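Here is a short briefing for a first look. Start with the display, then read the points below.

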Amino acid sequence: MSLFLQILKSIVFGIVEGITEWLPISSTGHLILLNAVMPLTDNQQFWDLYKYIIQLGAIFAVIVLYWDKLWPFSPKKSEKEKKSTWNTWIKIIIASIPTGIVGVLLNDYADEHLSTPTVVAIALILYGVLFIVIENRRKKPRMKTVGGIDAKTAFFIGCFQSLAVVPGTSRSGSTILGSILLGTSRSAAAEFSFFLAIPVMFGVSLLELIKHAAAVTAGELVVMIVGMAVSFIVSAIVIRSLMRYVRRHDFRIFGIYRIILGVLILILALAGILPSVVNA
């Protein structure tokens with residue numbers, strides 16, 4: 001495959017990653033379909049690294065957009081504002097603990113035994129139904145902002161995030177769903193989900209970089225950088241759009257979309273179009 005064609009494909013993968021990483025619709029499910037339609041590479045080691053490194057572009061978008069909220073050393077902030085920022089980071093760290101533990105213990109097992117179209121499809125459909133049911137029974141939120149989330153709630157949100165070890169669950173989907181169940185507003189749930197992605201995705205990407213970096217060629221490095229750049233741009237647009245959306249609407253539309261996507265993946269798997277084991 002020519003480098004030019006790989007770069008074009010990487011642009012498409014970057015767009016898909018930038019959109020699906022932040023919406024509760026499973027980036028894995030979409031990458032499975034995309035990689036089935038137009039495989040990016042025949043080099044499995046490169047793909048194993050690419051699918052994680054491309055996420056860094058999405059993470060940098062969060063850091064740039066929320067820099068003022070997340071940087072505790074800003075001279076423009078009062079001591080009270082700096083303390084609030086540190087409290088946010090403490091809650092991010094607390095919420096990351098269960099995710100880190102589950103990831104270390106089960107990530108390799110999930111990749112080896114759960115990375116099948118059937119598992120992904122079931123997870124998509126199950127969480128899609130849960131989004132619809134929970135939104136239909138939704139009560140008035142107790143915590144309307146990230147600042148209103150206490151340490152105990154943050155920990156349990158992290159427990160929900162750890163469920164994303166199952167492919168097709170969606171990290172943002174499980175985090176947002178858990179946050180809403182625990183009493184946060186939709187906007188607080190989405191924003192806290194963005195923040196939790198920073199340590200989780202940086203950590204995973206670093207581990208994969210250490211594991212596979214030596215096998216990457218100069219051309220493949222260019223392909224990764226292009227994917228990251230596109231993911232960054234698209235993520236910035238999607239994050240802003242999602243925050244505007246959730247201030248006026250609920251998450252039911254994403255539940256419906258997840259169910260449709262899950263059914264589609266099941267049909268394609270039964271038709272033999274998708275492989276029995278996926279690497280997305």
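Which residues does Ser 235 touch, not counting residues up to four places away in sequence? This is a predicted model. In it, Ser 235 touches Gly 18, Trp 22, Ala 58 and Ala 61.

**Ser 235 in its setting**
- Ser 235 sits in helix α10, which covers residues 218–246.
- The relative accessible area of Ser 235 is 0%. Buried means under 20%, so Ser 235 counts as buried.

**Overall fold**
- The chain has 11 helices and zero strands.
- Along the sequence, the pattern reads α-α-α-α-α-α-α-α-α-α-α.
- The radius of gyration is 18 Å, close to the 19 Å that the globule rule gives for 280 residues, so the chain is as compact as a globular protein of that length.
- Along the principal axes, the C-alpha atoms fill a box of roughly 55 × 45 × 35 Å.

**Packing**
- Of the 280 residues in the chain, 50% are buried.
- Take the contacts between residues at least 6 apart in sequence: 83% of them join residues at least 24 apart.

**Surface and charge**
- The chain carries 25 positive and 16 negative charges.

Note on methods: Residues are numbered from 1 along each chain as its sequence is written. This is a predicted model: local features need pLDDT of at least 70, side-chain atom pairs count only at pLDDT 80 or more; totals for chains, interfaces and linings use all residues. Side-chain values use heavy atoms; hydrogens and water are left out. Helices (H or I, at least four residues) and strands (E, at least two) are DSSP runs, numbered from the N terminus. The radius of gyration is taken over C-alpha atoms; the globule rule is 2.2 Å times the number of residues to the power 0.38. Buried means under 20% relative accessible area, exposed over 50%, partly exposed in between (1.4 Å probe, protein chains only). Contact means heavy atoms within 4.5 Å. Lys and Arg count as positive and Asp and Glu as negative; His and the chain ends are not counted. The place of a charge is taken as NZ of Lys, CZ of Arg, CG of Asp or CD of Glu.
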